[in-house]
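Student: I have a structure on my screen and would like to learn how to read its interfaces. Can you walk me through it?

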Amino acid sequence: MTFKIISKKQLSENVFQMDVFAPLVASARKAGQFVIVSPNVDHGERIPLTIAGADPQKGTIRLIFQRVGKATAQMADLHAQDAMGYVAGPLGRPTHVEKFGTVVCVGGGIGNAPLLPIATAMKTAGNKLITILGARTKELVILEDDFRAISDELLVVTDDGSYGRKALVTEPLKEVCGRAARPDLAVVIGPTIMMKFCCDVTRQFQVPTQVSLNTIMVDGTGMCGGCRVEVAGKTKFVCVDGPEFDGHQVNFDAMMKRMNAYKALEQKAYEQYRSHTCRIGLNHK
Amino acid sequence: MTPDPQKLEELIKKHKEGQLKPKDRYEIPAQDMPAQDAVRRRQNMNEVAEGFTEFQARMEALRCLQCKNAPCVEGCPVRIRIRDFIAAIAEGDFAEALSIIKENSLLPAVCGRVCPQEVQCQEKCTVGKKFKDVNLSVSIGRLERFVADLGAKQGGEVPKVAPSTGKKVAIIGCGPGGIVVAADTRRAGHDVTIFEAFHKPGGVMVYGIPEFRLPKEIVRQEIEVLEKMGVKIVCNFIVGRTRTIRQLMEEDGFDAVYIGVGAGLPKFMDIPGEHLVGVYSANEYLTRANLMRAYDFGNGADTPIAVSKSVAVLGGGNVAMDAARMAVRLGAENVYLIYRRSEKEMPARIEEVHHAKEEGVQFRVLQNPTRILGDDKSNVIGIECLRYELGEPDESGRRRPVPIKGSEFTIDVDTVIVAIGNGANPLLQQTTPGLEFNKWGNIVVDDRCKTSLEGVYAGGDIVLGAATVILAMGQGRIAAAAMNEYLGTLKK
């Protein structure tokens, strides 16, 4: 099986979108599920990525990822027609979708990518959809048009005010939750710290909140336990029990610390990789 | 012992003439397995036990009494004709010895290395009984390994395959059990596909058992033989998610399925501090190190692992030994193995315990952790333990460890590896309606490994809980025979 990259697009300086040929995953996947990918078969890192979309007819899945370390940099250096080392999935439990009433979806940065299929499914199930998208700055707001097409109301904020309203996502979220027609469900996906603060807001208004966690993982099928998080005081595995959990029960502080476990090692590997990659682009085909 | 070829010739001559009496055989010294020096091997991943020489193999084979009732065979989960293959070694016919083993076991190079012979064939050996010491039994496992390695050097034989039956078999999981089922059903002429969730086939033999105990090259060769037989191996395929069992059978045309998905979710101790940075399950630690080759991080491998100074490994089984010995090789100065009972009760193989000690692993028995301590950045800085003493025997017959009140103390460590076993993986239970599980999440099968679903069989850890490579292979054998029979009755 060759997992060929059909197309590649750079969404911002460090964010890339790829459509990858993986027909079995494309037809099996449901909103909320993820895959494990690696840029090379032998000793590449296994990277968990939530599926941003799929076309079962063409047999492709859409992956959107941020270049943060060596493995994602290697992926970013692949081009259309190249092959991905492997794609395994779909993994994790699909999102529970039904008609709740009003659903507010909150995406932060790269979190917009996994949020899109869930928001789409919620809309298709007959929910009124309010979307709040946040990013550090204008260039980092991704998939805005896709969300605009499905949302009954779309609010965009940036930290620096370069686009939309100058605010953090928690501000409009608070306002939406405070409306007379209180949302029936919030779905929040983004950086861990953002999810934590959004959950603090929705907790005050007693709006049930789903979060999708993207922790450190090796196999993604329940075997290693590296992805474990504390939910309602119990150990849960993101790969088989999640990736979605009741945000009000997640111990985000412990999770954030675990996410940094390999930061120093990863930084070193990334720098090493960068220094071996030709900066004027001669490594590129 | 210096090899004395003349002595060997004399013994062989007497053996051939039928003059080698039990008394003479008892006098032949048990052969020691050459091993890599303990100091040197702390620094490398190469195999520790180096294998018998031809001289040693034949000397060891002559120790076998050739008992009429061959009690050793009773001790073997796959019933290898042990007495006969040892006779062939004594005669110098190593190819014959290997073909006798291969009648019943497909992976002799693996089993010769990782089987717990001291509680199986060698436990029943009359020679060991005579000396009242299982360590003085005929070294059946080492002899098995010797002929397997020799055979591999001369290029493995590809087993014959019967003409095509047109029936399709799906095997879930490319571990030792799945490999046996694949070979046995393929030999019967069925069209066989193995589905593996990882990006490499081999299961526990590639992610779990370390290179220094089972070189990956051996596993690779065995899998190559399967492929030469015409078995298809599909990696990165998670049955239950990529396709369900029902889809495989109803839409993809598979007539029978074998589930050999192995161990599942690692257990933790449920003590405070298990979410700290630097706490691993043994599965995670070993997978990073073995399958992902984290010991080469920055030199071609991209998966990191903790750089540890002091490591506490919790548990007393083979996996705990593997993790502890891996930590030594990854550069830890202190590796403590913390176990609640005494050394006598440890489930690990004696040989592994012995190797671990030689390599400097510090055994802390009759101690049990109460909590893991962390600093303000949530990094592990220590582990608090309680001392135990042995009380009355419990229902397992082992003396129950009883905590000594107020005996808490702390060991400074920066890494903790939890090796206390695995629970069942819930994936197939979540996605396979009609498949019966017990309350622990293990699949329920009959004595021929058949599940509650027509045409679906299962074996190994997902049925037995925690088992071994050879038990998984034994169940694979039983299941494959039942599957071949079932497929024979199936009209198509």
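This is a predicted model: local features need pLDDT of at least 70, side-chain atom pairs count only at pLDDT 80 or more; totals for chains, interfaces and linings use all residues.

Student: Into which domains is chain B divided?

Tutor: Domain bounds come from an automatic or database domain assignment. For chain B that gives domain 1 (5-153), domain 2 (168-264 + 423-489) and domain 3 (279-418). Taken over C-alpha atoms, the centres of domain 1 and domain 3 of chain B are 32 Å apart. Their contact (heavy atoms within 4.5 Å) takes 14 residues from domain 1 of chain B and 15 residues from domain 3 of chain B.

Student: How do I read the area that domain 1 and domain 3 of chain B bury between them?

Tutor: Buried area is the accessible area (1.4 Å probe) that two parts lose on being put together, summed over both. Here domain 1 and domain 3 of chain B bury about 1,200 Å², with 48% of it on carbon and sulfur atoms. On the domain 1 side, R41(B), R42(B) and M45(B) lose the most area to domain 3 of chain B, and together they make up 52% of what that side buries.

Student: How many salt bridges does the rule find across the interface of domain 1 and domain 3 of chain B?

Tutor: The rule asks for a side-chain nitrogen of Lys or Arg within 4 Å of a carboxyl oxygen of Asp or Glu. Across the interface of domain 1 and domain 3 of chain B it finds four salt bridges. R41(B) turns up again in a salt bridge with E358(B), where the closest N and O atoms are 2.7 Å apart. Ten residue pairs are in polar contact across the interface of domain 1 and domain 3 of chain B (both at pLDDT 80 or more).

Student: Is R329(B) buried or exposed?

Tutor: Buried means under 20% relative accessible area, exposed over 50%, and partly exposed in between (1.4 Å probe, protein chains only). R329(B) has a relative accessible area of 8%, so it is buried. You'll find R329(B) in helix α17 (residues 318-329) of chain B; helices (H or I, at least four residues) and strands (E, at least two) are DSSP runs, numbered from the N terminus. The side chain of R329(B) reaches the backbone oxygen of R41(B) at 3.5 Å. Not counting residues up to four places away in sequence, R329(B) touches several residues, including R42(B), M45(B) and E359(B).

Student: And what about the domains of chain A?

Tutor: Chain A has domain 1 (3-93 + 263-276) and domain 2 (102-212) in the assignment, with C-alpha centres 24 Å apart. The contact takes 13 residues from domain 1 of chain A and eleven residues from domain 2 of chain A. About 880 Å² is buried between domain 1 and domain 2 of chain A, and carbon and sulfur atoms give 73% of that. The count between these domains of chain A is zero salt bridges, and zero residue pairs are in polar contact (both at pLDDT 80 or more).

Student: How many residues does the contact take from chain A and from chain B?

Tutor: It takes 45 residues from chain A and 45 residues from chain B. The two chains bury about 3,800 Å² between them, 58% of it from carbon and sulfur atoms. The rule finds one salt bridge across the interface of chain A and chain B: the side chains of D302(B) and K70(A) meet at 2.7 Å, N to O. There are also 14 residue pairs in polar contact between chain A and chain B (both at pLDDT 80 or more). On the side of chain A that touches chain B, the largest share, six residues, comes from β7(A).

Student: How many disulfides does the structure hold?

Tutor: A disulfide is a covalent bond between the sulfur atoms of two cysteines, and the cut-off here is a pair of cysteine sulfur atoms within 2.5 Å. The structure holds zero disulfides over all chains. Take C72(B): the closest cysteine sulfur, in C64(B), is 6.5 Å from its own, so that is too far for a bond. Likewise, the sulfur of C235(B) is 7.1 Å from the closest cysteine sulfur, in C174(B), again too far for a bond.

Methods:
Residues are numbered from 1 along each chain as its sequence is written. Chains are lettered from A and ligands numbered from 1 in the order in which they are written. Side-chain values use heavy atoms; hydrogens and water are left out. A polar contact is a pair of N or O atoms within 3.5 Å; within protein, one must be able to donate a hydrogen and the other to accept it, and residues adjacent in sequence count only if both atoms are side-chain atoms.
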